[in-house]
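Please read the points below alongside the model.

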Amino acid sequence: MKVSWANQFEAKLATLGPLSSRETILTVAQWVAFNRKRISNFIPVFEDHLRKQPDLAFNLMHEILLMYHNTGRWESMEEVRLALGEQVLLKNAPSHIPAEKLAAWDDLNVFGNPMIVNQLRKKMKDKEASHSAADSAGEMNSGGTATPASRDVVEAAASIVAKESPLPDPASTLASTADRFPKDSKRGEVVYDFESYGIPASAVDATQFQEPCRKIVTLQIARDLRNDSAVQLSSALSGMPEDIRSACAKAAEDPEYSIDAATAKDFSMRISSTLLDTNLEEQLENVKVFRGVVDSQRQARSELIRLLVQSRCNFGADDAAKAFYQADRAKADLQHRKIILLDAMELEGLDVGVDEQCDVALTSDLAPLDWYKTSDDEPPVKRVKVDI
């Protein structure tokens, strides 16, 4: 039987819990992003979890709304972000959304329209004002000295409280997102001890970096495809009761270890259906492949570091600058010889025929390289200034 996309999404959310890590939530968010064309099937599930588990729903939607930020794939999630804003958040009008999340959404304009965030803030303020007015009316009624507040009185009080309630301070709300979106800052000079690695210095061609970089990028696709199942298996195993885990460990160490029928029945009732339906051979193969991909990427990164240390982060810029100034000296010498030649031709009565545009191009100064320090045996260029 074919499982619907909504049911698949429900199964993904079943692996999450109140104590789920950000990496686990991000895995489900990546799955939603990968299947973003099915967002219409996911909307009812989001609405249901927003009512049952609002904190988990907000954390998941936050990761989806900020996914692919500052990358070329940001536009591909535009339809998903707009659907979450209009069909989930605005339609259900949650009474409370964490201020730091609202600030991040507003700062990045995740919905493509700042009015959505403003409407969410207004709806939250209206609900808060209504609850405050209702609580005040309840206190008055419980005292027995005042008449019951009518609906008109409650609505009037709500409108007054809403007008007097200040907007959240942008500075305080944006402060919590400063670590997530750091501003560009000027970096100082860093002294690095290359010799501590014991790798002798030698010239490294820039093309040697291409192979490990290509391997890292290529293997990342295979890693992402198997990361979902590995994280789900890890989450399912982490939720296993300690006594069942201990029994499994004993069974792995001692082949003759066994449990009675009553204990086995109790274990089967307490183990999640996800673990009971797991194909162990397939999952172990996926984990082995996933581990192999991670090891290969680690080796490629180690090779990149080795090449960087071996090259001492010198890729020929000094040699190119030296050739640049040598060419500058040759140009000055050529210009001087040209002047001598023109003077000799003029004295001998020959037609000089100077091209003024070409002469200007040859006598124009080249921009200096401030970062390049010439050696003692190579003094700075001294151009000959000649008035023609």
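Notes on the model

1. Of the 388 residues in the protein, 29% are buried (under 20% relative accessible area, with exposed over 50% and partly exposed in between; 1.4 Å probe, protein chains only). This is a predicted model, in which local features need pLDDT of at least 70, side-chain atom pairs count only at pLDDT 80 or more, and totals for chains, interfaces and linings use all residues. Residues are numbered from 1 along each chain as its sequence is written, and side-chain values use heavy atoms, without hydrogens and water.

2. The secondary structure consists of 16 helices and zero strands (DSSP runs numbered from the N terminus: H or I of at least four residues for helices, E of at least two for strands).

3. Among contacts with a separation of 6 or more, 75% join residues 24 or more positions apart (contact: heavy atoms within 4.5 Å).

4. Arg 81 belongs to helix α5, residues 78-92. Arg 81 is buried but has no salt bridge, and Glu 75, the nearest side chain of opposite charge, is 5.2 Å away (a salt bridge needs a side-chain nitrogen of Lys or Arg within 4 Å of a carboxyl oxygen of Asp or Glu). The Arg 81 side chain does reach the backbone oxygen of Trp 74, at 3.0 Å. Beyond neighbours within four places in sequence, Arg 81 contacts Leu 65, Trp 74, Val 110 and Phe 111.

5. Ile 305 lies in helix α14, residues 280-311, and is partly exposed, at 45% relative accessible area.

Note on methods. Lys, Arg positive; Asp, Glu negative; His and termini not counted. Polar contact = N/O pair within 3.5 Å; in protein donor to acceptor, adjacent residues only side chain to side chain.
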